[in-house]
Amino acid sequence: SKFYFHKETTAPGKKPEPIQLTIDGTLQYLVHHELQKVVTQWQAKGGSALVLDPQSGEILAIANVPDFDPNKSDALDMECTNNSAIIDTYELGSVIKTFAALAALEEGVTTPDEIIDCKNTRSTYIDGRKINTVYPGGKLTFSQVIEQSNNIGIAQVTKRLGPKIYDHYLRLGFGQKTHIPFPGEQKGFVNHPSQWSKQSLFSLSYGYEIRCSLIQLARAFCIIARNGQDIQLQLIRATTKSPIPTTNDTRLY
C-alpha cells in the first residue's frame, strides 16, 4: 500500500526581490548562436563560451551547448541543465602556458627576448623525462615559444621556477572558487608540490595536473588585461536594495 504525508506550511513565503543581471541580451544571443555553429562544425559533444568586461568584471554573456528549453520540463535531459562554464573543470592544456609565462617573467627567470633552444624536434628529453610538442621549433625567443605553443621551450623555462609555479597559479585564482552568485561552482585543482612526480613541473607548464573551469580561466585573463590588478567577477549588477560593487584595487602583479 502507498502512504501519503501532508506537511502544512506555517512560515510565510519570502517576497521575491527584483535583480538586474550583467548579461547583455543581444550579446548573449549572438554568443550562443556562434557557439552552436562551432560545436556543429567540429562535431563536438559540447562547448561553453564566456564574454566578460575585464574592467568591471561583469559577465556579459555565458552560453553552453547542448542546452535545454525550460518550458519543456517534461523532456529534460538533466545533464544539459548544467552551466558547464562554471561547474565543470578540465585539464585545459596549452592555454595555461600563458600563466606559466607570466610566472616566469614575474620571477625574472627569463625575458621575452631570451633565446630558447627548442631542439628543432617534436620530442626530446629533459632531466630524463620525455617532452612532446606538436610543431618542432629551433632557437626561438621566449615570446615565440608562447606564440608557437612549444612544450619543449616552456618546459625548460618552467624548470627554473620550481615550486613557485604553484604559488603563481593559486595567485591567479586557480584551485579556488571565483565566488560569483551562482550555485554549484567548482574550485578545480592544482597539484601541490608535495604530490609532484618527476614529470609534474613540466606537466603544469603546459596545462596538465591542473584542472580549472572556463570562468576561472576567464578571470585569470582579466587579471592580465587589468595589468595585474585583481577583479571580482559579477553576474548581478544591482538589486532593489543596492548596487553590487564591481571594483577591486588589490594588485597581484
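The lining of the second largest pocket is made up of 6 nonpolar, 6 polar and 1 charged residues (Ala, Val, Leu, Ile, Met, Phe, Trp, Tyr, Cys and Pro count as nonpolar, Asp, Glu, Lys and Arg as charged, and the others, Gly among them, as polar). The model is predicted, so to speak of local features requires pLDDT of at least 70 and side-chain atom pairs count only at pLDDT 80 or more, while totals for chains, interfaces and linings use all residues. Residues are numbered from 1 along each chain as its sequence is written, and side-chain values use heavy atoms, with hydrogens and water left out.

Strand β3 (59–65) gives the most to this lining, with 3 residues (strands are DSSP runs of E, at least two residues, and helices runs of H or I, at least four, numbered from the N terminus).

Elsewhere, the rings of Tyr169 and Phe174 have centres 6.0 Å apart and planes at 85°, so the pair is edge-to-face (rings of Phe, Tyr and Trp, the last by its six-membered ring, pair if their centres lie within 6.5 Å; planes under 30 degrees apart count as stacked, over 60 as edge-to-face and the rest as tilted).
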